[in-house]
Amino acid sequence: MSRNRFGVAAAVVLAMLATSAVTVAAPKKEKEAAAVPGAIAQKDRDRGMAEAPALAKAAGLACNVTEARFMLTDSKTKTNYFEVACDQGFGYLVAQDPAKPTATLYPCFDADKKVKQGDKEVDNPLKCRLAGNANLQAQLAPYLAKAGKSCTPSGYRYIGASPTKTYIEVACGPGNGFVVETASPANLSGEVKANSCISFDAADTRACQLTDRASQLAVVDALVVSSGKTCAIKDKRYVLSTVAGSSWFEVSCQAGDGYMLEQLADGKNGKTVACADADFVGGGCTMTDARAAKTEQNGLYTRLAGKVGFTCDVAQYGIFNVPNKEIVELKCNDRPDGAVIEFKGAASGVVYPCAISEAQGYRCSFTKKDPGYAQITKDIKSLRDTSTCQVRETRAMDKASDTAVYIEANCADGNGSYVLGYARGSTKAVEVLSCSQAKPFGPCKLPGN
């Protein structure tokens with residue numbers, strides 16, 4: 001009976017009226033109207049403003065009615081139909097069925113659809129005619145703006161409504177479009193979402209029809225160009241959308257490599273992630289052999305780590321998401337301790353043992369901190385030569401200073417505890433404090449301290 005599960009009642013009622021009651025009532029109404037074709041009789045406006053605002057409000061329409069008109073009475077059901085225009089939001093038809101406690105609302109978008117008349121498609125006789133509803137496309141602009149989308153609508157299509165949601169497709173130029181989701185009835189002061197057309201599977205009842213899949217994926221070409229990556233595109237696919245409104249796409253390149261590309265909510269480029277590092281995006285790449293890419297990257301980081309003085313046959317790596325920096329955690333096949341390395345060039349960088357990296361803001365997840373305790377023991381001894389402490393456990397202090405970060409350490413013999421300061425962005429130990437001296441950086445919490 002209807003194309004989808006949204007707006008079934010509206011589609012049925014409006015179609016029935018368009019082919020039955022309206023064809024009977026409309027000629028009588030036209031005789032009563034002013035001589036100008038399409039004009040609305042003043043008495044219909046007067047009755048509309050007298051009755052429709054209260055009916056619409058009782059039905060849940062959250063706007064100030066600026067215009068209204070009485071349309072007709074269905075001779076079979078005795079239902080009165082009104083049209084209302086709002087100071088903000090969508091215009092509506094208001095159906096007052098005497099058998100129901102409250103009126104029913106149908107958005108003007110629904111009545112704007114063509115209807116069958118014999119073998120022809122004609123304008124729906126129930127199409128909204130008030131001046132405030134003359135440009136339905138313009139009524140979508142504030143909803144798109146509230147959803148944070150930059151779009152000049154070039155077309156729209158009413159999808160339908162559930163008891164709580166209204167769905168309208170909006171085309172925004174070549175290949176670009178959204179499904180606007182708002183309350184039912186529409187309410188600009190409530191939650192508004194604009195989901196990219198690309199995020200809907202073709203089988204979804206809300207799938208876009210004003211743009212095709214190939215056009216929707218054309219955005220990937222622009223993202224690749226903007227990313228600065230050299231990639232002759234072999235294939236591309238949509239991956240997922242985030243709560244923040246970003247969309248992720250995968251692209252495979254003719255050369256065998258591939259990327260995950262993020263399009264931010266405003267349409268601009270976000271992150272560009274090589275497939276070797278993209279497991280966090282929807283389970284990773286499927287059009288590129290990410291395992292081969294990871295193996296290649298392991299070899300690369302083995303060589304880079306050696307150049308900065310950390311000999312490591314890299315078994316696993318993880319990249320920290322820090323803008324304008326390359327900071328990587330490494331797990332090694334040939335040594336128990338891992339490290340976090342901040343690469344600063346082809347042959348320079350800072351190597352943070354995992355026991356120290358946590359205080360610098362980079363927590364190791366591949367290896368334990370324990371192998372790094374020997375270095376902290378040595379650092380304490382270098383600043384306090386009377387110390388006999390063999391570090392047993394460490395933790396990053398709650399606070400830091402402008403120039404240093406601090407690590408709490410307790411000792412295996414139980415005879416002492418220390419708070420060791422390291423220069424920010426460095427592994428250089430700069431001071432050793434007692435727990436009482438280190439109170440500005442938070443309380444000591446390790447057992448025995």
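**Exercise 1.** Decide how the radius of gyration of the protein stands against that of a compact globule of 449 residues.

*Solution.* The radius of gyration is taken over C-alpha atoms, and the globule rule is 2.2 Å times the number of residues to the power 0.38. For 449 residues, a compact globule would come near 22 Å. The protein has 33 Å. Next, take the spans of the C-alpha trace along its principal axes: about 105 × 55 × 30 Å.

The model is predicted: local features need pLDDT of at least 70, side-chain atom pairs count only at pLDDT 80 or more, and totals for chains, interfaces and linings use all residues. Residues are numbered from 1 along each chain as its sequence is written, and side-chain values use heavy atoms, with hydrogens and water left out.

**Exercise 2.** State what share of the 449 residues counts as buried.

*Solution.* Buried means under 20% relative accessible area (1.4 Å probe, protein chains only). By this cut-off, 46% of the residues are buried.

**Exercise 3.** Find the strand order of the open four-stranded sheet that contains S15, and name its edge strands.

*Solution.* Strands are DSSP runs (E, at least two residues), numbered from the N terminus. Two of them pair if DSSP finds at least two bridges between them. The order is S15-S16-S17-S18, with antiparallel pairing. At the edges are S15 (314-320) and S18 (349-353), each pairing on one side only.

**Exercise 4.** Describe how S15 is joined to S16.

*Solution.* S16 covers residues 326-332. Six bridges join S15 to S16, and the two run antiparallel. Glycine 318 stands opposite glutamate 329 in S16.

Definitions and conventions. Buried < 20%, exposed > 50% of the residue type's maximum accessible area, 1.4 Å probe, protein only.
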